[in-house]
Amino acid sequence: MHNISFETSPGKIYGLFGPNGSGKTTLFNLISGLYRPNAGIIRYYGICPKRMEPLGIARLGNGLARTFQDPVVINDLSVEENVLLAYRLPQEGFISLLYRGARSFNQERIALTEVQCWLAHFKLTAKKNMPAGELSYGERRLVANITAILMGSGILLLDEPFANLNVLMIQKLKGWLRKIALEEKRTILIIEHSPDNLYDFVDVLLRIKGYEIDSIQNTGDIDFVKKLISRSTLLYG
Amino acid sequence: MEQLFHGLIIGSVISFIALGYALIYSILKFINFAHGEVMMAGAYFCYGFLSIMGVENFHFAVLFSIIATGILGVFIERVCYKPLRSRGRLTMLLSSLGISIILQAIITLIFTSSALVYTIREKSLHIGEYSLYFSEIIIIVILVISFIIISLSLTRSRLGLAVRAISSNPTRLALLGIPVDQIISIFFFLSSALAAIAGIGLAVENGLIPSMGFQYSIWAFAVVVIAGLGSLRGIIIGGVLFGIVINYAIVYSSSLFANGFAITIMALILLLRPQGLFPQRLREF
Amino acid sequence: MEYLASIVANFLIYALIIISLNNFIIGKTSIWSIGHIAFFGIGALTTGIMVHDFLMPGWSAILPGLLISFFLSLFVGLSTLRLSGDYFIILSIGLCEITRAVSHELKGPAGMSGIVRPTLGGMSLDNDWMFILLVILPIFIAVIVLSVRFSRSPLERICSLVRQNENAARFMKINPLYYKVGCLCIGSLIAALTGSIHAFFARSTDPSIITLYQTVLFFSMVLFGGINSLYGSILGSLMLVAVPRILEYFINSPMASSYSYQIIQLMYGFLLIFVVRFMPQGVMGGSKNWFYPQENT
């Protein structure tokens, strides 16, 4: 990838699209620190980190959370335990073997309540104790999305969050994402192929074409978006 | 001088064992812990052919042993490793641990744990004041031949390609009609046959004892680590050198010290240069 | 009476070893510590030498063993940064062999004897049952409590995450190294403590436990009982103690008893292969996913 340069502002949703292999996931990997750039810098919350690696970047400022094209979910843990992993509790390290204070238990209780509330919202309550490895592909993606969102990070990178989900879930997810973007001023980047999910949802469209990125304001018109996508696919796909 | 030659033989033995590990690792990406015991089984096969079945000619006994050990290796692979191939290398590794103690137990039950020697009458070659057994010479000759064959296979990069292909995705290759299972079995046969040669050679030098497999496994590990799992030629050279050095160490100090020394070197290399002194280059077998 | 005491003590000691391996290392991390038994040996040997040769007071003689094991396990854990799975296994085995070599070098192939048991508050612990009740059993219970606390704490979730996908853990602000090395340290310390206690109980050390053969035994029990299963570990220890006795009972001929070692070897080898092939989750239903390699996002 060459000459990628763009800025994001908090509270906005960005839709990243482009033909297959154009580097969308690569961009996510760069931003999240999985890949290191050969040249150039990435700033998070205005800060340029000393080392471009996942752990450090995740801990910068208000944090960063991401999902993967192939949803990652911990097979051994139940759905509920998976989503609980989004929360960083006090005394969750080895200290907890010896002593765990009331504050830690309280935080866990609060987290659990929140988790159960959202699982109910997405109709997963019946499966909350099921090992996550036994979920369907779409359910796994849903769980991964919920976990990433509940991390509460200022930056959220979602790789094809709507794939394999049914319409109701997609609507609920969109509603939630729009809410957190607006109210909590979080920056959300989404990789998405389908114009249906982009036209009424994202604020800014980011088109990756060739080796460059274009930033286009979303007009809310589905035909506009459709044309945009098909053109980029035709020329470079 | 005699010590040097003795070390050369030991080194050749270690090279063969190390090669066996490297061959299986290159194709299946797992460390076959049973390999050392297969070597021991090879040595004991020969003993069995000579003493129990009364084969007169030593060289025929050796030949039979090599074939028998090769078959043993393939048998183990088919029964134990093949079904687990899809389940991950860890499971194969655990199985190989199990097989190693099974083999050791069986051999000890049949042949007792006391040291044995081959009852052979062999011609020796006299060079000046040193005398060499014919079989010792053969071992060195086989070593040199293997080295040449492996060096030549550099130009036959198709073989290297096949190995890399199989090691990365055997199921897909099988779907393409390539006889992956057969190739793997051939590798096991080769590796076990080499082990048998090593075992018999060792038995000629030092006699037979059921723990010989494990001891030499450790040294073969050290050679493989020091030379690098990918480089077969490096392993041969490294093995020979290692054998010479270890031999001097044992003779002039103690075998315990030699052991500790070898393992320390191995640990150092693992930490400082885990890919070995001759790291695997893509084009090389 | 003494015979029964030694059986009970062996059961508890084996259980401690298996738990330290299964419920703190194998069941919580993706680390394959095949040389784990070395820590037991280090604990035993260090304590024995401190008490016998340096006349250190009994209980404090346990500390050097713990210290050495702590730093060694730190070293081993950090080496996972540089070494891929296969090379790490070789290192682990190498460490085990070095420990055995050191033990042979210092105290000979039969180990040392004449280790004096410490006293507890002035009271002598020469009676085997007293030692079991006042020393081994409390430690056993403490370790079990620790293990249960572990599985009920957030640690269990985090370790499962780290085990399956380290990069995903990093994205969740979790440092995988901290948890992997931490678990390894705890397991190794427990093993070292167990070694020290065993040295006191048996009043001797025996390096024959630091061999690949014993390792296979313990690993086969870990798998047989079920990875990460506490009940499984205890079941495994029960098997290790009961099987030789049952064998003794049924095979009464004196000739066979000299081969009992090999027969047991054979049994456990077959058991390991059988379990790995047909029952990888073990009797008590441990984690099956543990065998699959780390995911790479």
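Chain A has 237 residues, and a compact globule of that length would have a radius of gyration near 18 Å; the value for chain A is 19 Å, which agrees. Please keep in mind throughout that this is a predicted model. Along its principal axes, the C-alpha trace of chain A spans about 60 × 40 × 30 Å. Its secondary structure amounts to nine helices and six strands. As for burial, 38% of the 237 residues of chain A count as buried.

How does the chain connect with itself? If we take the contacts in chain A between residues at least 6 apart in sequence, 69% of them join residues at least 24 apart.

Ile13(A) lies in strand E1, which covers residues 13-17 of chain A. Is Ile13(A) buried or exposed? A residue counts as buried if 20 or more other C-beta atoms lie within 10 Å of its own. Ile13(A) has 24 C-beta neighbours inside 10 Å, and therefore it counts as buried. Which residues does Ile13(A) contact, leaving aside its neighbours within four places in sequence? They are Leu177(A), Ala181(A), Ile188(A), Ile190(A), Phe201(A), Val202(A) and Asp203(A). Consider also Ile191(A): 178 residues separate it from Ile13(A) in sequence, yet from C-alpha to C-alpha the two are 11 Å apart in space.

I now turn to the contacts between chains. Two pairs of chains are in contact, and of these, chains B and C share the most contacts. Chain A and chain B, by comparison, are joined by no contact, and their closest C-alpha atoms lie 16 Å apart.

Let us take chains B and C. Their contact draws 33 residues from chain C and 33 residues from chain B. On the side of chain C that touches chain B, the elements giving two or more residues are helix H4 (85-107), helix H9 (212-225) and helix H12 (260-278) of chain C. Which of these gives the largest share? It is H4(C), with 11 residues. Sorted by class, this side of chain C has 22 nonpolar, six polar and five charged residues.

The contact of chain C with chain A takes 23 residues from chain C and 27 residues from chain A. Here, helix H5 (128-152), helix H6 (154-164) and helix H7 (166-171) of chain C each supply at least two residues of the side that touches chain A. H6(C) gives the most to that side, with seven residues. The classes on the side of chain C that touches chain A are nine nonpolar, 10 polar and four charged residues.

Helix H1 (residues 2-26) of chain C packs against H9(C) at an angle of about 60°, and their axes are 10 Å apart. At that angle, H1(C) is oblique to H9(C). Their crossing is right-handed. Which residues meet there? From H1(C) come Ile17(C), Ile18(C), Leu21(C), Asn22(C) and Ile26(C), and from H9(C) come Phe218(C), Met221(C) and Val222(C). The residues of this helix contact divide into seven nonpolar, one polar and no charged. You will recall that H9(C) also gives two or more residues to the side of chain C that touches chain B.

Note on methods
Residues numbered from 1 in each chain as written. Chains lettered and ligands numbered in written order. Predicted model: local features only at pLDDT ≥ 70, side-chain atom pairs only at ≥ 80, totals over all residues. Helix = DSSP H or I, 4+ residues; strand = E, 2+ residues; numbered from the N terminus. Rg over C-alpha atoms; globule rule 2.2 N^0.38 Å. Buried ≥ 20, exposed ≤ 12 C-beta atoms within 10 Å, placed from the backbone. Contact = placed C-beta atoms within 7 Å. Nonpolar A, V, L, I, M, F, W, Y, C, P; charged D, E, K, R; others polar. Axes fitted to C-alpha atoms, helices over the stretch in contact; angles between N-to-C directions. Parallel < 35°, antiparallel > 145°, perpendicular 65-115°, else oblique. Left-handed = near helix turned anticlockwise from the far one by under 90°.
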